[in-house]
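Work through the following exercises with the sequence and the 3D structure at hand. Try each task before reading its solution.

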Amino acid sequence: SLQRTDCIVVMLRLTVLSIAIFVALCASEIDSKPKPMNFIIFNPDEMRAESLGCYGHPVSKTPNFDAFAQQGTLFEQCHTTYTVCSQSRASFMT
């Protein structure tokens with residue numbers, strides 16, 4: 001019948017269209033290169049983490065540190081190799 005033929009044609013067209021969209025999406029993923037990651041390490045002298053707003057200080061206003069913490073990675077645990085600042089920073093940077 002004519003209706004059955006029309007239905008088959010529509011299904012074939014939808015199948016071809018779906019395959020074309022799938023191939024186009026896959027090709028765009030292959031061509032795109034991953035963006036290099038940026039690392040910003042803050043290692044200030046004489047500043048404790050709890051003095052920043054992003055770590056929950058109720059009074060301290062640190063909008064730039066808070067923005068970095070919200071957009072990036074906020075570390076909640078720290079372990080040091082030495083108890084004195086200079087040696088600890090030297091081991092951190094090597």
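**Exercise 1.** Find Thr-62 and decide whether this residue is buried or exposed.

*Solution.* Begin with the position: Thr-62 sits in the loop between α1 (2-31) and α2, where helices are DSSP runs of H or I with at least four residues, strands are runs of E with at least two, and both are numbered from the N terminus. Next, take the relative accessible area, which is 13% for Thr-62, and compare it with the cut-offs: buried means under 20%, exposed over 50%, and partly exposed in between, using a 1.4 Å probe and protein chains only. Thr-62 is therefore buried. Finally, look at the neighbours: leaving aside residues up to four places away in sequence, Thr-62 touches Ser-51, Leu-52, Gly-53 and Cys-54, a contact being heavy atoms within 4.5 Å.

A note on the basis: this is a predicted model, in which local features need pLDDT of at least 70 and side-chain atom pairs count only at pLDDT 80 or more, while totals for chains, interfaces and linings use all residues. Residues are numbered from 1 along each chain as its sequence is written, and side-chain values use heavy atoms, with hydrogens and water left out.

**Exercise 2.** Classify Pro-44 by its relative accessible area, and state what separation its C-alpha atom has from that of Arg-89.

*Solution.* Pro-44 also belongs to the loop between α1 and α2. Its relative accessible area is 33%, so Pro-44 is partly exposed. Along the chain Pro-44 and Arg-89 are 45 residues apart, and their C-alpha atoms are separated by 9.9 Å.

**Exercise 3.** Describe the largest pocket through its volume and its lining.

*Solution.* First, the term: on a 1 Å grid over the protein atoms alone, a pocket is an open set of points where a 1.4 Å probe fits, with protein on both sides within 12 Å along at least five of seven lines, and lining residues have an atom within 4 Å of a point. The largest pocket holds about 1,600 Å³ of space, and 38 residues line it, with Ile-41, Phe-42, Asn-43, Tyr-55 and Phe-75 nearest its centre. Two or more lining residues come from each of the elements α2 (63-71) and α3 (85-93), and α3 gives the largest share, 5 residues.

**Exercise 4.** How many helices and strands does the protein have, and what percentage of its residues is buried?

*Solution.* There are 3 helices and 0 strands, which follow the pattern α-α-α along the sequence. Of the 94 residues, 4% are buried.

Technical notes:
Points joined across faces, edges and corners; volume = space filled by probe spheres on them.
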